[in-house]
Amino acid sequence: MSDIYSIVTSQKLSYEQKVVALAHAAEDTLSVLNIPERTRYYMESGVICNLNEGNAPYRPRYIMPDYEKAVRQGVKFLELDPPQDLDELLTFLQVLYRHVPSITTYPVFLGDLDRLIEPFIDGLSDEVVKRKLRNFFIYLDRTITDSFCHANLGPEATRAGRLILDVDRELEQAVPNLTLKYDPAFTPDDYAEQAIYTSLCVANPAICNDVLNRKTYDRYGISSCYNILPIAGGSYTLTRLVLPRLAAMTDDKQEFLTKLLPEAMQCMADYMSERIRFIVEKSGFFESHFLATEGLVERDRFVAMFGLVGLAEAANHFAPGKKYGTDPEADDVAEQIMQAISDFVAHYTCPYCEIADHRLLLHAQVGIDTDHGITSGIRIPVGDEPQSIYDHLRHSARFHRFIPTGCSDILPFDITGKQNPAAVLDIVKGAFEVGQKYVAFYASDSDLVRITGYLVKRSEIEKWNSGQAVLQNTTQLGAPTYASAHLANRKVRGV
Amino acid sequence: MAIVRKLISQSTVDGPGNRFAVFLQGCNIRCAYCHNPETQAMHDDEAHEMSVVDVIRELEHCVPFLRGVTVSGGECMLQPEWLTELFLAVKRLGQIRNHPLTCLVDSNGTIPFSHYPELMQVCDGVMLDVKAWDEAVYSRLTGAPSNQVVRENLGWLLGCDKLTEVRIVCLSGRVDVETILENIAETFDSIGRKAPVRLIRFRPQGVVGELSNHPMPSDEQMNNYARFAHELGLGVTIR
């Protein structure tokens, strides 16, 4: 009750943020999931973390509507006919986005924006298109006040894509988060260089290894914090295993690998299955929501993300005095842990995940604002990065191979990188060639920074820290994380 | 064996793309604005003898991330046989890895490239410093008697399409930037081919002697040079 009162009376939350927080509080008064005692123990000790998904899930966590299909057939429920020109398209999308649910209540996926827009710009000058896109992007940034919101570009170069990059650079906004799917066979160098240049100006877009990631599903998109998910589907849930908290329960690596880890994984997987069952069998989402009834999402294209966080600290715990990222001993322990997790999910059968062959899919969860001393997913802790960027990227590749639904590195570059985006592209090409799956940059002097995957303005963090309300929810998450994870000390890569 | 000052596995200022840079020890001229004068002497405690194999060993694990290798100095053309051997090995490595690597030379142009046909077969291009055009200006800046060979190299490299870039360090009063640009444009016209020109702003960091406290040229000054170059039909960038 006191929680609800504090939400109602807060002066730091905007009106919309209060409504969302109150909805969460209401949901959490229910207790409808069967949670065994051992699972409760792991949840209470923080080993299994449901990322505040709520006690009674009434929609999948991440939804990836098939926007191309929507544009082709219109949306009956919203009384939207297929758009005929660019103005109609942008209005169509604005309305549709407003009605796409997710864990954040905002859409986490805005579609392959370049491909959606490209057919509608023939005969319009660059200036006209950019003016319309600018208004569209301002609308998105000011109404989707949460930067776990992602639009995709590429892999082919399009005029629309180039104009989107131009507008993105000019506006310097946290929303939408952009990712360029990159495949050297389809993405021309000059387009990739424009994307990288944009990224070194405004920390956006990130670059996704299309060659490796498209092996996961037939059609995929990147949503939220670089989740790799099927289009026309999504993910029911993302629950995470907080490895350092589990490791802290023993100093014996064998006990960890053969007893604690298997037990905690079993509890977490069963808990995830329970959530999936509730969404599919009880919530009524797939029977009643227009996205499902109009075929813009299909139930059998949803997966479930088995998250893990803090591999570095867990590995270091069992390799005393060694550091994950630079010491082979710690890296080998990490590999043993990842292999054990990977073997577990390869054999666990979960309900309603047809597209994943009924397997839970691993995800390198990036962390939350209350994590302290826990490094994102499988990343190397800030301060422990290898001297050479090549060693850093090879290290990532070694662990990225285990993770199908999203893992990434964030590399701040010296501002001189802006003068030679081609050089940064060479590094990206090398990274992808050795198996790294997804990389994001920002310049060391940029106002926009990537926190764990999402974007926040340093100037907004200062505003929030001084007690003022801010528009973006993610600033509230980013401000403590920027400090507690020492992100200002990330190793800046000189180029 | 060559005397190597240092290796840099990731450089974006030594030619196109991301490059592995090899800095050789020893230079045959003494530029007043040299920002790494410690590389001038032919021997130095911090320089080491390295074989081509030693360098390749360092290069190997960088290959996927690189566009190529650049050898700079000091003046790398003082060790041309080693340079040829290195480039051959780099090309071979690129072939084995199915990742072609380009080999570039960063040179003061005082050694005639036309005398080293074997090197030029495996060298993809030269980034040539044109430090001054007027001989007296050149002598005063570098201590060397003549820049005749530099001028010849400019035309010769352009003629065989091996001129990757022309570099001019801009420092008003000490460098005849406009004259250099005019003569470069004339050379380009006479040969009927062009190469990119880079205007490098003088920076006092690392400089010893009379220019160690000399101010950098202003943005305005650099933009004026660039405009002048544009008017001559040259493609220039400022760094």
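**Before starting**

Residues are numbered from 1 along each chain as its sequence is written, and chains are lettered from A in the order in which they are written. In this predicted model, local features need pLDDT of at least 70, side-chain atom pairs count only at pLDDT 80 or more, and totals for chains, interfaces and linings use all residues, while side-chain values use heavy atoms, with hydrogens and water left out.

**Stop 1: chain A as a whole**

Chain A has 20 helices and 15 strands; helices (H or I, at least four residues) and strands (E, at least two) are DSSP runs, numbered from the N terminus. The radius of gyration of chain A is 22 Å, close to the 23 Å given by the globule rule for 495 residues, so chain A is as compact as a globular protein of that length. This radius is taken over C-alpha atoms, and the rule is 2.2 Å times the number of residues to the power 0.38. Along the principal axes, the C-alpha trace of chain A spans about 70 × 55 × 45 Å.

Next, colour chain A by accessibility. Of its 495 residues, 61% count as buried; buried means under 20% relative accessible area, exposed over 50%, and partly exposed in between (1.4 Å probe, protein chains only). In chain A, residues 24 or more positions apart account for 78% of the contacts with a separation of 6 or more, a contact being heavy atoms within 4.5 Å.

**Stop 2: the loop between H8 and S5 of chain A**

Select A:Glu172 and A:Pro176. The loop that holds A:Pro176 runs between helix H8 (159-171) and strand S5 (177-182) of chain A, and A:Glu172 is found in the loop between H8 and S5 too. Phi of A:Glu172 is near 50°, a positive value in a residue other than glycine. A:Glu172 is partly exposed, with a relative accessible area of 35%. The peptide bond from A:Val175 to A:Pro176 is cis, with omega near -5°. As background, most residues other than glycine have a negative phi, and most peptide bonds are trans.

**Stop 3**

Select A:Pro205, in the loop between helix H9 (189-202) and strand S6 (206-209) of chain A. Here the peptide bond from A:Asn204 to A:Pro205 is cis, with omega near 5°.

Then select A:Ala232, in the loop between strand S8 (227-230) and strand S9 (233-242) of chain A. Phi of A:Ala232 is near 70°, a positive value in a residue other than glycine. Is A:Ala232 buried or exposed? A:Ala232 is buried, with a relative accessible area of 3%.

**Stop 4: helix H20 of chain A**

Select residues 473-484 of chain A, which form helix H20; 9 of its 12 residues are buried, so that the helix is mostly covered. Among the buried residues of H20(A) are A:Asn473, A:Gly478, A:Ala479 and A:Tyr482. What covers the buried residues of H20(A)? The cover includes helix H2 (15-27), strand S14 (448-450), strand S15 (455-457) and helix H19 (458-465) of chain A. Just after H20(A), A:His486 takes a positive phi of about 55°.

**Stop 5: the contact between the chains**

Show both chains and select the residues in contact: 19 from chain A and 14 from chain B. Which three residues of chain A supply 40% of the area that chain A buries against chain B? They are A:Tyr390, A:Arg394 and A:Asp426, which supply more than any other three residues. Chain A and chain B bury about 1400 Å² between them, 50% of it on carbon and sulfur atoms. Buried area is the accessible area (1.4 Å probe) that two parts lose on being put together, summed over both.

**Stop 6: chain B and B:Leu232**

Chain B has 7 helices and 9 strands. Its radius of gyration is 17 Å, close to the 18 Å that the globule rule gives for 239 residues, so chain B is as compact as a globular protein of that length. The C-alpha atoms of chain B fill a box of roughly 45 × 40 × 30 Å, taken along the principal axes. Buried residues make up 56% of the 239 residues in chain B.

Finally, select B:Leu232, in the loop between helix H7 (219-231) and strand S9 (236-238) of chain B. At 31% relative accessibility, B:Leu232 counts as partly exposed. Not counting residues up to four places away in sequence, B:Leu232 touches B:Leu181, B:Glu182 and B:Ala185. B:Leu232 and B:Ala132 are 100 residues apart in sequence and 18 Å apart in space, C-alpha to C-alpha.
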